[in-house]
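Reader: I am new to this structure. Could you take me through it in short steps?

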Amino acid sequence: MNMKIKFIAPIAALAAAGLLTGCNPDRLEIPQKGAVSTETFYKTDEDAEAALVAVYQGFLWNVASQNGASINIPFLLAFNMCGDDVNAAGAFYGDNDFAAQLNEFRYDTNAEVVRNMYNGLYYALYYTNLVTDHFQYGTSDIKDRVISESRVIRAYIHMMLALGWGTPPLVDHVLAGDANPYNCNTDPELGGMDQAGLLKWCAKECEESLEYLDERQGPGDKDGAVKVTKGFANALAGKAYFYAGDYENARRCLKAVIDSRNYELVSSDRWLDNFHIEGDANEEKIFETNIEYNSNLGFFDYTSRTGWMQCQYWNWRTDHFVANVVAPYCSIEGWGGLGVPEDFAEEFVAYHKDNSARLNGSIINIEDLVYETQYQAPNEDINSWTREQKAASNRVGLNNLGLYGQSFYLPLKPIVRTADLRTPGEAIRMNNFIIMRYPEVILLYAEACLPENGGNPEDAWQLVRELQDRAGVKDEYLVNSAADLTLDVIKNEKQFELWLEGTRWFDIRRWKDAGYESLKTQGTDIPVLYDKFTREPQATDENVRWQYGSEENSRFYIVDTHTAQDNGAVVGFKDGKHELFPFPYTVTSINPNITQNPGWTN
């Protein structure tokens, strides 16, 4: 990016204002090529387009990547690891602890991921506010569009802040260095804006921008999937209204996306491609950040804007297998950071047919992984064996360390493919970062259409059925009429279709169902998956479960551990505390106007 914008002072002002703290100095000293003053820059249509490039790059760097602060992508962890559908896993207890703290609800106001996500969102806001501060509507069509795209991205950022922190500061302009912004509900200029009020503000920002935005030109328009369009603005407005409890306006905005016919579901055989480079900007992408290959960029340029090391974190634990099952999939090693809870896997399997594209693209049975992998040198001779021969051999399977945090099913949906990587063997993921897919629009609309939300299921049931047919849902769970469309159906579809897409945490908090209740014991018992060929069950093992019920017909088994508690940690979701993330201590310690969320101490 070769931007002629004065970055340094405004970013430093955000830090001084208590929105960003603990900053890496390199983040504040962005190279200025051909730098000119702000007084002479924000004039022409060319300037506006250049400033919009900075908005998209700022969003990519600070929201959809590891944002220079760590080796993980805070967005993926903050909005997924608190759910009941994942285990924080790794080599052993304490490995990948930045994620385990979230998953087991033992994080505090100094938590790395929460702090980096909060900071990243406000960093990204700065770029949008530069545009809205310096350009005005009515001076050109290009400027009108640039302002509107920036406002929608700003609205998205505030929506995520609202969902994560409840009543964060509303920042719609570049702050002065001596500013100490208030929570939106205590800001004297906002009149007591609560979380729902902030969400409705986000929706209004989107709706006011609609007339100036481009429309996606049909499902095949790839450019229309990687920029802010009318479709994304309506989808975002609908989502914001939905979480604010305004279902009537949510239906209206979400229906506009559906009726546009600019989005459609991909076929079953392409479902898994959604999450790989082959599916970038496809028919069902409402918006995703565009990661383009540039031969002029070096290794560290890419690490700040892509999924650097995240592909390692999601990947299976390479060194805990006797023969490497990872390399044939992705050519890189794995940290095994994501575990699939036993009950979640069982529910996933029970809901889907054996040939389900969604099931078989999301999780994989440990036996299928071990026995069906195409092994590479020096184990390529194993590929000629029958499944029965592999099942009887200790040349495949797990070593005696087992897989900490795993059940009999391992994650497949987030596993990187070699084609996704910049270079085979290099942990830089190049496929686009998904912000919203069409199935989320369908399911938000369907829930808003339930009678208890003032809607008519007749308007949505066929859309849900289309989603189920594509997924391969068992006949007994299919929606065959409006009467079949219930909240339970939508819960299942959202849990399975949008797994690891940053929605589950927000949903179970409002549903307060069995999944929510299970969070209260999260971290109490962490499973470890073992292979009896390399480690027989021991007398001290707790709650041994064999894959098929008994040792006689099973090779793999699970035992429970509770190391966090053994080390004195308090684990599990606490009512009145964990509904919202805490404002980071690095913020509250210098900004007296920030009121900490309930249950947390500064």
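What follows is a set of questions and answers on cavities, charges and backbone.

Author: Some ground rules come first. This is a predicted model, in which local features need pLDDT of at least 70 and side-chain atom pairs count only at pLDDT 80 or more, while totals for chains, interfaces and linings use all residues. Residues are numbered from 1 along each chain as its sequence is written, and side-chain values use heavy atoms, with hydrogens and water left out.

Reader: How many cavities of 30 Å³ or more does the structure hold?
Author: A cavity is a set of points, on a 1 Å grid over the protein atoms alone, where a 1.4 Å probe fits but cannot get out. Grid points are joined across faces, edges and corners, and a volume is the space filled by probe spheres set on the points. With the cut-off at 30 Å³ or more, the number of cavities is six.

Reader: Which element gives the largest share of the lining of the largest cavity?
Author: The largest cavity has about 450 Å³ of space. Its lining has 28 residues, and those closest to the centre include Leu 76, Phe 433 and Leu 500; lining residues have an atom within 4 Å of a point. Helix H5 (74-78), helix H13 (310-314) and strand S7 (433-437) each give two or more residues, where helices (H or I, at least four residues) and strands (E, at least two) are DSSP runs numbered from the N terminus. The largest share, five residues, comes from S7.

Reader: Which side chain of opposite charge is nearest to Asp 85?
Author: Asp 85 sits in the loop between H5 and strand S1 (87-88). It is buried yet has no salt bridge. Buried means under 20% relative accessible area, exposed over 50%, and partly exposed in between (1.4 Å probe, protein chains only); a salt bridge puts a side-chain nitrogen of Lys or Arg within 4 Å of a carboxyl oxygen of Asp or Glu. Lys and Arg count as positive and Asp and Glu as negative, with His and the chain ends not counted; at 4.5 Å, the nearest side chain of opposite charge is Arg 504.

Reader: Where does the partner of Glu 207 lie?
Author: Glu 207 is in helix H9 (residues 195-209). Its side chain meets that of Arg 252 in a salt bridge of 2.7 Å, N to O.

Reader: Is Asp 507 buried or exposed?
Author: Asp 507 forms a salt bridge with Arg 510 (2.9 Å, N to O). The two are separated by about one helical turn, because they are three residues apart in helix H22 (residues 504-511). Arg 510 is partly exposed, at 29%. At 1% relative accessibility, Asp 507 is buried.

Reader: Which residue takes a positive phi just after H20?
Author: H20 covers residues 461-471, and its buried residues include Trp 461, Leu 467 and Ala 471. The buried residues pack against several elements, among them S7 and helix H21 (487-497); contact means heavy atoms within 4.5 Å. Just after H20, phi is about 90 degrees at Gly 472.

Reader: What is the phi of Leu 500?
Author: Most residues other than glycine have a negative phi. Leu 500 lies in the loop between H21 and H22 and counts as buried, at 12% relative accessibility. Its phi is positive, near 70 degrees.

Reader: Which residues does a cis peptide bond join?
Author: Most peptide bonds are trans. Pro 378 is in the loop between helix H17 (366-372) and helix H18 (387-391). With omega at about 10 degrees, the cis bond joins Ala 377 and Pro 378.

Technical notes. On a 1 Å grid over the protein atoms alone, a cavity is a set of points where a 1.4 Å probe fits but cannot get out, and a pocket is an open set with protein on both sides within 12 Å along at least five of seven lines; lining residues have an atom within 4 Å of a point.
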